[in-house]
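Thanks for coming. I will take one model today and go through its chains one after the other. Please have the sequence and the structure open.

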Amino acid sequence: MASVSQKKVKRKHKTGQIVFATVMLAIPVLQYIVFYIGVNFNSVLMAFRSYERTNHGWASEFAGFSNFRLVFDNIFGKDSVELKAAFGNSFKLCFYNLCLKTPIALLFSYYICKKLFLHKTYRTILFLPNIISSVTLVIMFMNFIDGGLLEYTGSGLINAQNRPLLVFYWIWSSLGITVLVYSNAMGKVDVSIVESARLDGAGPAREFISIYLPIIFPSVVTFIVSTLSAMFIDQMNLFSFYTNGANTEHVTIGYYLYRETQRATIGGELDKSIFPMLSAFGLLLTFICAPITLGIRALLMKIGGEEK
Amino acid sequence: MTQEKTRSGKRRLLRSLSPFTTLLSVCLFLYAASMVVLLLWALFTALKSNMEFLHNPLWLPKGKISNWEWSNFQRVFKEMYVPVSYTSGPYAGLSNVKINLMGLVTYSVLYAVGSAFVGVSAKCVTAYVVSRFDFRIGRIIYGAVIVTMMLPIVGSTPSEMAITQALGIYDTFIGAWIQKASFIGLYFLIFFDSFRFIPKDYVEAATLDGAGEFTIFFRIMLPLVKNTFIMIFLLLFIEYWNDYQTPLLYLPTHPTVMYATQQLPKRQESGFEQPMRMACCIVVAIPIIVLFAIFSDKIMGDLTVGGVKG
């Protein structure tokens, strides 16, 4: 009798759990199905279709590989300039990210993690660009260089789209979150390891290279992987600086994709005619980016070993 | 005791002094100075007249503090607007309707608070169900989160816009909120770990007392992760408040404050030069800076990704 009632309680309990899980997961799972699986599936379909405006709205038809041909023409065609430059710029940006931004962020993180002079102030100031909107900071920077410093610089550097200055701004304004994550990871390094290195005569530089860097390697790998996966998304703040008017030679893939998509909204009604070409381009970029990202991640994890 | 503390602090400082750390200190000082100078320059420029800015673009405004152009900030409230044209809906046909600062702030609040709330709630409830129950769907969801975070997908925005339009939620706040109700991302993993490390005794004791699953979640588990919930809500709120690119694509007739800020360089009319632009930038940045000042410890808390090697 007791076991029957226990079974009943258990069944009631299990049913309660299933009802709870169903109610709680219904919206997030539905959202994932529509806005991740559905969106990406539709993106693949759109890459093989073409849209035309009719009297009754937009009509679409199967277009074979014509969108992909258009993309290849835009990249490799004789007259193509923009997309060729965009590819080069996106790769360069990724290179700057790995070879300039990452080392600077690691060095700054070491200083903050060691709690040296004014470390708290520096940590807060470094994080400010993550708090203040990018567009606000861009406008302040643009007006400071081209308005405030004009008599010292002698020309409107931002208006003239000075490339080194754009790269400088991009690094200067994006160190915060990286430094925060690296310094938090460095803070978890066992103090006894550092102390014993000190006793063996290791100075701060040695300590940074031989102890901190190898130990926080998994965090570095995570950032390298996220940098690679965002290779074709990063806009280098070009839209904030110039809206649709960035020079062709500075355009990145991320900026190109956003600018073209945004153009479709101008005029009040969505202009879908450009969507298939952008979807085809996005699909090609995913095929380039995904194996690079996953391959390099696997390689780095093999070199770096296990994390805890 | 205090003397001892000072001495040990001095000893620590001397021990850590080396050419390497000194060089780092100089670099960080220059970085911090550049940031502070920029923000102060923006503030002082906002307090100048156009005429004064032409003659004195770099330094403090001249004259007594009470004589500085404080009226620029008043003008922001009157003159910051975005013109909107409607092609559908109840206002179809109306063009160049000016959305003033109050309207822009209202749209910003609706977008940022709504999106942050649904975003954090979706991640929290999904992480709770996945960490608490050993259902197959939980394992699938966890796998989906990891795969989605590693797999870069580029160029799906046009497809997303087409789908929101087909669903009839394009250019609506409901649509923007639904788009943000995703459980994917780093914050899911933070919630997942938070729930996983809560001792099971709490749930067992509540179950013995006859509490149902909804009571356990809302009355016991949710209060235990309250701090994480608030931290992620704040981070998402700041992200969405500062975001102008998503509203530009998905909410074209509901411009936000940041959308209006992005349009500032385009406003070439007389009287809207650098001092007014800087005043606008200061006004829109203040709410976030105040929020950051209050919650800086929570916001910059123990954020780590990738772990360390053991």
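**Domains, shape and contact**

The centres of domain 1 of chain A and domain 2 of chain A, taken over C-alpha atoms, are separated by 38 Å. Those domains run over residues 2-46 and 73-304, with bounds that come from an automatic or database domain assignment.

A word on conventions. This is a predicted model, in which local features need pLDDT of at least 70 and side-chain atom pairs count only at pLDDT 80 or more, while totals for chains, interfaces and linings use all residues. Residues are numbered from 1 along each chain as its sequence is written, and chains are lettered from A and ligands numbered from 1 in the order in which they are written.

Back to chain A. There are 14 helices and two strands in chain A; helices (H or I, at least four residues) and strands (E, at least two) are DSSP runs, numbered from the N terminus. Chain A is more spread out than a compact globule, because its radius of gyration is 26 Å, well over the 19 Å that the globule rule gives for 308 residues. That radius is taken over C-alpha atoms, and the rule is 2.2 Å times the number of residues to the power 0.38. The C-alpha trace of chain A spans about 95 × 80 × 35 Å along its principal axes.

One residue to look at is A:Arg11, in helix H1 of chain A. Is A:Arg11 buried or exposed? A:Arg11 is exposed, with 10 other C-beta atoms within 10 Å. The cut-offs are 20 or more such atoms within 10 Å for buried, 12 or fewer for exposed, and partly exposed in between, with C-beta atoms placed from the backbone. Of the 308 residues in chain A, 38% are buried. From A:Arg11 to A:Gly64 the C-alpha distance is 54 Å, for a sequence separation of 53 residues.

Next, the contact between the chains. Chain A puts in 93 residues and chain B 82 residues, where contact means C-beta atoms, placed from the backbone, within 7 Å. On the side of chain A that touches chain B, helix H1 (residues 2-46) gives the most, with 19 residues.

Last, chain B. Its domain 1 covers 2-75 and its domain 2 covers 100-262, and their C-alpha centres lie 37 Å apart. In H15(B) there is a kink of about 55°, centred on B:Ala293; the bend at a residue is the angle between axes fitted to the seven residues ending there and the seven starting there.

Key: Contact = placed C-beta atoms within 7 Å.
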